[in-house]
Amino acid sequence: MDDDKLHDECGVVGIFLNDDDKKEQFDDALASKLSYFALTSLQHRGQESAGIAVSDGTQILVHKSMGLVGDIFNQNHFETLRGNIAVGHVRYATAGGRSIENAQPMVNSFKLGSIALAHNGQLVNYEPLREMLEESGSTFSSTSDTEVILKLIARSYKKGLEAALINTIQLIKGSYALCIMTEDCLIGARDPNGIRPLCLGKIYSDNANTKQNGWILAS
């Protein structure tokens, strides 16, 4: 074969840890650490770039770069990426060039809050949707179809995240698995035909160091 390579086309992960009690055992870097290990396991799905975004309930912080997961992150990053919600991404380019502008998760901040998005898949109606958004005043910093999804969600966000996501899904066509995070919420979604994998799992830890539970989404 002329092109003997893996073509799994990106990997996504979403972590939500319950922090209601704010116990002494709560590790506020665990979400980013779990995302790191998940992305390491998903490295085969994309080797171009990787990133993790984390929310502490008030703000979203993101670190992403070109290269492999193990080369991008070190212990110092987990000291700053603190919060109980995280989304992560490893990228294999399908739409858009190979550049840091197209690395994910992508984050959009506006007057109603912030959204971080990790996307696996490809939209077949990317170009007309982008043209529609540009004609209505949206600007883009990347050439990725992921940013189109992000702008569509943000455009309807005043109706609430769930309604905005439903409106967006009705517009986009193609194969996709999404992990969407706000300051206090995590939502996963995939295309109606389930072409892209997205699994839901339960996290539970009750050891001497941490007592935390929550949910994980992963390709």
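**Questions on a predicted model**

Q: How many helices and strands does the secondary structure of the protein have?
A: This is a predicted model. Its secondary structure has both kinds of element, helices and strands. The count is six helices and ten strands.

Q: What percentage of the residues of the protein count as buried?
A: The protein has 219 residues. A residue is buried when its relative accessible area is under 20%. The share that counts as buried is 52%.

Q: Among contacts between residues at least 6 apart in sequence, what percentage join residues at least 24 apart?
A: Contact means heavy atoms within 4.5 Å. Take the contacts between residues at least 6 apart in sequence. Those that join residues at least 24 apart make up 64%.

Q: Is Lys-158 buried or exposed?
A: Lys-158 sits in the loop between helix 5 (145-155) and helix 6 (161-171). On the surface, Lys-158 gathers with Lys-111, Arg-155 and Lys-159 in a patch of positive charge. The cut-off for exposed is over 50%. Lys-158 has a relative accessible area of 71%, so Lys-158 is exposed.

Q: Leaving aside neighbours within four places in sequence, which residues is Asn-167 in contact with?
A: Asn-167 lies in helix 6. With a relative accessible area of 24%, Asn-167 is partly exposed. Set aside its neighbours within four places in sequence, and the contacts of Asn-167 are Ser-156 and Lys-159.

Q: What distance separates the C-alpha atoms of Asn-167 and Arg-155?
A: Arg-155 belongs to the patch of positive charge. Along the chain, Asn-167 and Arg-155 are twelve residues apart. Their C-alpha atoms are separated by 9.8 Å.

How values were computed: Residues numbered from 1 in each chain as written. Predicted model: local features only at pLDDT ≥ 70, side-chain atom pairs only at ≥ 80, totals over all residues. Heavy atoms only, no water. Helix = DSSP H or I, 4+ residues; strand = E, 2+ residues; numbered from the N terminus. Buried < 20%, exposed > 50% of the residue type's maximum accessible area, 1.4 Å probe, protein only. Patch = residues over 30% accessible without salt bridge, like charges linked within 9 Å, V, L, I, M, F, W, Y side chains within 5 Å. Areas by Shrake-Rupley, 256 points an atom, 1.4 Å probe, with all protein chains shown as cover. Salt bridge = Lys/Arg side-chain N within 4 Å of Asp/Glu carboxyl O. Lys, Arg positive; Asp, Glu negative; His and termini not counted. Charge placed at Lys NZ, Arg CZ, Asp CG, Glu CD.
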